[in-house]
Amino acid sequence: MASKVKRVGILTAGGDAPGLNAVIRGFGKTASLHYGIEVIGFRDGIRGLVENRYLEMNRGTFAGILTVGGTILGTSRDKVNKYVVDGEPQNMVPQVQENLERLEIDALVMMGGGGTAKNAKQLADAGINVISLPKTIDNDIVGTDTSFGFATAMEVAAEAIDRLHSTAHSHHRIILVELMGHRAGWLNLGAGIAGGADVILIPEIPYSVDSVTENIKSRIARGSTFSVIAVAEGARDIQDTADMDAALSLVKSANTPELRGAARTHLANVRDSQREHTFKLARELEASTGLESRVTILGYVQRGGIPCAEDRLLATRLGTAAADLVWQGHFGVLVAARGQGTEPVPLEEVAGKVKYVPIDHDWIATARKVGTGLGD
Ligand code: F6P
């Protein structure tokens, strides 16, 4: 049965990730060449959608981008219902509806992470035909086995840990490498296991300096006078975790504008005081073990560059599956990776949620079995 969909808008939003262009290619080729659907690419995520900045895409624009890092469309982190204009957040859903109607666009495919799923849900609730795709190096999107960008970032981070082993060994040092992953520990746990880190610290397991010190001292006793510690950017020690949780619950419980303002200021101060948590841990371990400590913040190299083969395959599968769903008129869903296939998951099951590492997850048991310290 021919679809009523004739023209589809696509956009990439949130942090860039390896594989975004592979998804654009997978979706674009399937929609345009296989189904004869016109594809319009909005620039810079939600910003281009609101400002009506776009390009008509075709076979030429989908060619040669499979292995290109970043996103040819550009991206941003704007929120469609809290879109900042002259410093004031405004709801831009009506503006988006008007732009899509004027361009005669029948559906919108959004390639983004958890934040984009929220944007997609807001647009779907306004009656727009929307499909979201799981993009993030953090792998923290609920409802999908994994997200594209994660495998490449794990490769990059594991290779960095490999390199740090040789310098730690040569100088008899503790090297702490801070990895991305936002509020979840997936990237740090996966790369830490793959890179053979001696200690892996994730947000889901608040750590104690004493426990980490114990790990290092037992290594020294066995003759290993160096250690490599993979620290998730969201990992915190027990006290900092308690302080952050208290500050977050203060914001949640604030029931007047004054209380909310004060609570938000306090939360910002707590966040600022904890920003250098990996450097603080390095100093504490240097004092408690007597070994020199050095810190490497791996940062944005985990987001850049050519997608690995696994991410190219995943991105192409998700992109083509999204085009199938558009053709079938199946909207209001995230195209989730499920085993060797894909599955549409309703946006309400995804939006506003974070997939954390379960404490009983197999990867945690795996790390413990090979003697990796987890800070507890
Ligand atoms: O979500 C991907 C991510 O790289 C997170 O791991 C990290 O915390 C965040 O984006 C950094 O955000 P920004 O690119 O805005 O600095």
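# Reading the pocket, cores and rings

User: Which residues line the second largest pocket?

Analyst: In this predicted model, the lining of the second largest pocket is made up of D145, T146, E310, L313, L314, R317, A337, G339 and Q340. The space in this pocket comes to about 180 Å³, and helix α12 provides the largest share of the lining, with four residues.

User: What makes a residue one of the lining residues of a pocket?

Analyst: A residue counts as lining because it has an atom within 4 Å of a pocket point, and among the residues listed for the second largest pocket are E310, R317 and Q340.

User: Which residues of the largest nonpolar core touch the most other members?

Analyst: They are I10 and F27, in a core of 35 residues. Several elements each supply at least two residues to this core, including strands β1 (7–12) and β12 (333–338) and helices α1 (20–34) and α12 (309–328). The most comes from α12, which gives eight residues.

User: Which residues does I10 touch, not counting residues up to four places away in sequence?

Analyst: The partners of I10 are I24, F27, V39, I40, G41, F42, M57, L73, L108, V109 and M111. Each of these is called a contact because heavy atoms of the two residues lie within 4.5 Å.

User: Why is the pair of W186 and W363 called edge-to-face?

Analyst: The structure holds four aromatic pairs. For W186 and W363, the ring centres are 5.7 Å apart and the planes stand at 85°; since a pair needs centres within 6.5 Å and an edge-to-face pair needs planes over 60 degrees apart, the label of edge-to-face follows from these two values.

User: Why can the pair be said to tie together parts that are 177 residues apart in sequence?

Analyst: W186 belongs to helix α7 (residues 186–195) and W363 to helix α13 (residues 362–369), so the pair links parts of the chain with 177 residues of sequence separation. Together with F150, the residues W186 and W363 form one aromatic cluster.

User: How do you know whether W186 and W363 are buried, partly exposed or exposed?

Analyst: The relative accessibility of W186 is 6%, and because buried means under 20%, W186 counts as buried. The value for W363 is 28%, which falls between the 20% and 50% limits, so W363 is partly exposed.

User: Why is R219 called buried?

Analyst: R219, which lies in helix α8 (residues 209–221), has a relative accessible area of 12%, and because the limit for buried is under 20%, R219 is classed as buried. Leaving aside neighbours within four places in sequence, R219 is in contact with D198, S224, F226 and S227.

User: What makes P358 partly exposed?

Analyst: P358 has a relative accessible area of 34%, which lies between the 20% and 50% limits, so the term partly exposed applies. P358 is found in the loop between β13 (341–346) and α13, and P358 touches W186 and I364, not counting residues up to four places away in sequence. P358 and E204 lie 154 residues apart in sequence, with a C-alpha to C-alpha distance of 7.8 Å.

Notes: Residues numbered from 1 in each chain as written. Predicted model: local features only at pLDDT ≥ 70, side-chain atom pairs only at ≥ 80, totals over all residues. Heavy atoms only, no water. Core = buried A, V, L, I, M, F, W, Y, C linked by side-chain atoms within 4.5 Å. Buried < 20%, exposed > 50% of the residue type's maximum accessible area, 1.4 Å probe, protein only. Phe/Tyr/Trp six-rings, centres within 6.5 Å; stacked < 30°, edge-to-face > 60°. 1 Å grid on protein atoms, 1.4 Å probe; cavity = no way out; pocket = protein on both sides within 12 Å on 5 of 7 lines; lining within 4 Å. Points joined across faces, edges and corners; volume = space filled by probe spheres on them.
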